[in-house]
Amino acid sequence: MSDECPLVQIRARARALVAMARDGDTAGLVDALDRLLAEQAEGGPGPHQIVGELICAAVQMVTLRAGEVPPHTLFAVDIRDDTDQAVAIDHLEPPLRATIRALLAELNGHPDDARFQLELALRDIDLESTLEVVVHALLWTIGMLEWCEEQGVDAPDWLRGAGLAA
């Protein structure tokens, strides 16, 4: 795998995380993230690259779902708590807040801002913070994958083999 293009490696790791999450392999997911953090310390791909690819895939699928949108349309999110009450983004923990802002930046055509937000989200290299960010990116990506499956819409090619229906 070390001879492969870095993007191919990053996408393979992201695909594996999606498959583990869809299979309910929590222990495998935590172990994979722990290895990812250890490898990052040695110069390997970091969680921000993996999460970045997950967000890009989710954005690609959201764009398909949105269909034709008028020029200059801005995407937004409606954040709710467990009791369905609206939550201001500023009341979220910083890693989650930055991850949502990364998703919105990517959706609204600002990839540099998205990368900056991911750097903020994953600034503290600890397993708990990283897990929170990765889990949310996985949930968004898996939610959109399920929509693609239900609608018969093609998901990004690189996600094939991540537990998608044949």
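Predicted model: local features only at pLDDT ≥ 70, side-chain atom pairs only at ≥ 80, totals over all residues.
Good morning. At 81% relative accessibility, His72 counts as exposed; here exposed means over 50% relative accessible area, buried means under 20%, and partly exposed lies in between, with a 1.4 Å probe and protein chains only. His72 sits in the loop between helix 3 and helix 4. Its phi is positive, about 65 degrees, although His72 is not a glycine. Asp84 is found in the loop between helix 3 and helix 4 as well, and Asp84 has a positive phi of about 70 degrees, again without being a glycine. Most residues other than glycine have a negative phi.

Residues are numbered from 1 along each chain as its sequence is written, and side-chain values use heavy atoms, with hydrogens and water left out.

Let me turn to the chain as a whole. The chain has six helices and zero strands, and its pattern along the sequence is α-α-α-α-α-α. Helices (H or I, at least four residues) and strands (E, at least two) are DSSP runs, numbered from the N terminus. For 166 residues, a compact globule would have a radius of gyration near 15 Å, and the chain agrees with this at 16 Å. That radius is taken over C-alpha atoms, and the globule rule is 2.2 Å times the number of residues to the power 0.38. Along the principal axes, the C-alpha atoms fill a box of roughly 45 × 40 × 30 Å. Buried residues make up 38% of the 166 residues. Among contacts with a separation of 6 or more, 64% join residues 24 or more positions apart, where contact means heavy atoms within 4.5 Å.

Next, how do helix 2 and helix 3 cross? The axes of helix 2 (residues 26–41) and helix 3 (residues 47–66) come within 9 Å and cross at roughly 125 degrees. This makes helix 2 oblique to helix 3. Angles under 35 degrees count as roughly parallel, over 145 as roughly antiparallel, 65 to 115 as roughly perpendicular, and the rest as oblique. The axes are lines fitted to C-alpha atoms, for helices over the stretch in contact, and angles run from 0 to 180 degrees between N-to-C directions. From helix 2, Leu36, Leu37 and Gln40 meet Pro47, His48 and Ile50 of helix 3. The residues of this contact divide into four nonpolar, two polar and no charged. In that division, Ala, Val, Leu, Ile, Met, Phe, Trp, Tyr, Cys and Pro count as nonpolar, Asp, Glu, Lys and Arg as charged, and the others, Gly among them, as polar.

I now come to the interior. In soluble globular proteins, nonpolar side chains tend to be buried together. A nonpolar core is a set of buried Ala, Val, Leu, Ile, Met, Phe, Trp, Tyr and Cys residues joined through side-chain atoms within 4.5 Å. The largest one here has 36 residues, and those with the most contacts inside it are Leu17, Val18, Val51, Ile55, Met61, Leu138 and Leu159. Helix 1 (6–23), helix 2, helix 3, helix 4 (94–107), helix 5 (111–121) and helix 6 (127–151) each supply at least two residues of this core. Helix 6 gives the most, with nine residues. Apart from this core lies another, of six residues, among them Ile79, Ile89, Leu92 and Leu104.

Setting aside residues up to four places away in sequence, Leu17 touches Leu29, Ala32, Leu33, Ile50, Val134 and Leu138. Thr141 lies in helix 6 and is buried, with a relative accessible area of 0%.

Leu118, in helix 5, counts as buried at 5% relative accessibility. Beyond its neighbours within four places in sequence, Leu118 is in contact with His48, Val51, Gly52, Ile55 and Ala102. The C-alpha atoms of Leu118 and Ala102, 16 residues apart along the chain, are separated by 6.0 Å.

Finally, Ile89 belongs to the loop between helix 3 and helix 4. Leaving aside neighbours within four places in sequence, Ile89 is in contact with Ile79, Arg97, Ile100 and Arg101. Thank you for your attention.
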